[in-house]
Structure formats: structure tokens, C-alpha cells
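Here is a short report on a protein model with two chains in contact. Look at the fold first, then at the interface.

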Amino acid sequence: MTAPAIPVSYYLYVATLLFAIGAAGVLIRRNAIVAFMCIELMLNAANLAFITFARQHADMSGQVYVILVMAVAAAEVAVGLAIMIAVFRQRRSINVDELRDMHG
Amino acid sequence: LTPEILLFALFATTSIVSALGVVFIRDPVKAAMSLIACFFCLACLYLLQRAELVAVLEVLVYAGAIMVLFVFVIMLVEHKDDAIIAHQLSQRLAVPLKVLAVATVAAAIALYIDRGASGSLDELPAGFGGVKEIGREFFCRRVPESGECAAPFLFQFEFTSLLLLVGIVGAVIISRRRQ
């Protein structure tokens, strides 16, 4: 006996919501580390969509892309947090409102 | 109302609630804990869609390695002493919540194994999402017509190793203390 599958669209709604929450967090939060965590959330929302499409088409390319995204995210987090530590050493702050040197 | 729908509803709502927690909780350490909960729920959603390897990697890489890095840096950067000390109430709530979380994850895995035994849900091919099949996808994907090996993701795979190496070296150089 096989149970009826959960529709693909439900997973995509969850992915969309997570992406929207992450995007809102990047815009709302002033702490650079929390904004960075929200970017990770957006990446994961995209991953969920990849996995869902992989199931829909019964093709594992989507899952392969998720693994590649994870590797990129790991490298990105390492470099991004290193930059934040370097900024914090200079300024004693990681509030994105106080880091205004690159404003035109 | 099958167990799968229940689990989907549970993990979907929990992931969204904990994602909202990341945005709205003021204390960055608690926001990071909320994000870990979100990653666990996402791993369970992956498992419900038969992406077992990716679900395991999600917990190992995201909830494990990446979030440990985040928490380390938060504790380096935030100089509030009370950031780490949890309140009495949340401390008391924490234990049953953790037990509940572990129980639901165990239930999800049990359901997954049970379903694997009783036939696949979407008539997905056998081994879909497993380590072996994903390895095939990377290194030797059989072309249906000729039966030859094709490796469409080989370059990306090798490039990932280079990217990680550059990432490690870059992180060390950037965060090094200047003399």
C-alpha cells in the first residue's frame, strides 16, 4: 500500500516562505552575523526547492546541486566570518549601520 | 491523514517558526540555536523526499560545522556576558523540548525505513538519493542509449575542492592578526 504523496507545491510554498523570511531578516537585522545567518537560510530555502524538483522529476541532478551549494556555503561562511572578525578588530563593532566607509 | 502528512506539517511549521525566530530573536546566540532547529527540520523535509545523503549532509555540514563556526564568532564578537546564560524558564522548558525533538526525528527516520520496506512513495527508482546513486551521478552516470559512462558534474566536483582550499587559505589570511 502506498500513501498519497504530499504535493510538490506544498514543499515549494515552504521554500518560498523560508526564502522570504531570510530576505526580510537580511533587510531588518542590523547585526552583520545575524544578517549572514539569514543568507544561509535563503540558501537552504533554495536547497529545499532543488530537492523537491529532484523528487518531482525523479532525477538526482537536483541533489547534486544541493551538495555543491553546501560546499560553496561552507567556503563562503569561512571567508565571511573571517572578514567579520577582521572588521571587528578594527572597529569593535559589526553593526551594519556603523560601517559606512563605502558609502558614496 | 497519513503519518507522512503529519510529519510534513510538523516539520514545515517548525522550520518556518524557527526561521522567524532567527529574524526576531534579539540575542544572536539564541538566533543561532533557532537556525540549528530550522536546519534539523529541513533535513527531515529532505528525508521525507528521499534525499537521504543530502539530509545527513545537512545535519553534518550546516547544523554541525557551519553553525559551530557561527556560534564561535558570535561569542568572540558579542561582549555581553549574559548572552550565554539562559533564563530559568527557558532552561526548564528546554529539556522536554529537546526530548520531543529527538523523538520526532526518530519517528521520521522510522517512517522512512518503514516506507522503504513497503515500496516507494513516488515510484522513484531504487536507491534514489542514496550515497551510491549520488556518487554515480558525479562520476559515472549511465547514458541510456549507449550505456557509456558520462560524468557531467566531474568538473564541478573537482572545482569544489579548489574552492574549499581557497576558502580555508583566505579565511586564515583575512583573520590573521596584523603585526
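What follows covers chain A and then its interface with chain B.

**Chain A.** The model is predicted. Chain A has three helices and zero strands. Along the sequence the pattern reads α-α-α. The radius of gyration of chain A is 18 Å, whereas a compact globule of 104 residues would have one near 13 Å. Its C-alpha atoms fill a box of roughly 60 × 25 × 25 Å along the principal axes. Of the 104 residues of chain A, 51% count as buried. Among the contacts in chain A with a separation of 6 or more, 57% join residues 24 or more positions apart.

**The interface.** On the side of chain B, 66 residues are in contact with 58 residues of chain A. The two chains bury about 5600 Å² between them, and 77% of that is on carbon and sulfur atoms. Gln49(B), Tyr62(B) and Phe70(B) supply 12% of the area that chain B buries against chain A, more than any other three residues.

What does the rule find in the way of salt bridges across the interface? It finds zero between chain B and chain A. Polar contacts are found: eight residue pairs, both residues at pLDDT 80 or more.

Five helices of chain B, α1, α2, α3, α5 and α6, each supply at least two residues of the side that touches chain A. The largest share, 13 residues, comes from α3(B). The table divides the residues on this side of chain B by class.

| Class, chain B side | Residues |
|---|---|
| Nonpolar | 44 residues |
| Polar | eleven residues |

Key. Residues numbered from 1 in each chain as written. Chains lettered and ligands numbered in written order. Predicted model: local features only at pLDDT ≥ 70, side-chain atom pairs only at ≥ 80, totals over all residues. Heavy atoms only, no water. Contact = heavy atoms within 4.5 Å. Buried area = accessible area lost by both parts, 1.4 Å probe. Salt bridge = Lys/Arg side-chain N within 4 Å of Asp/Glu carboxyl O. Polar contact = N/O pair within 3.5 Å; in protein donor to acceptor, adjacent residues only side chain to side chain. Helix = DSSP H or I, 4+ residues; strand = E, 2+ residues; numbered from the N terminus. Nonpolar A, V, L, I, M, F, W, Y, C, P; charged D, E, K, R; others polar. Rg over C-alpha atoms; globule rule 2.2 N^0.38 Å. Buried < 20%, exposed > 50% of the residue type's maximum accessible area, 1.4 Å probe, protein only.
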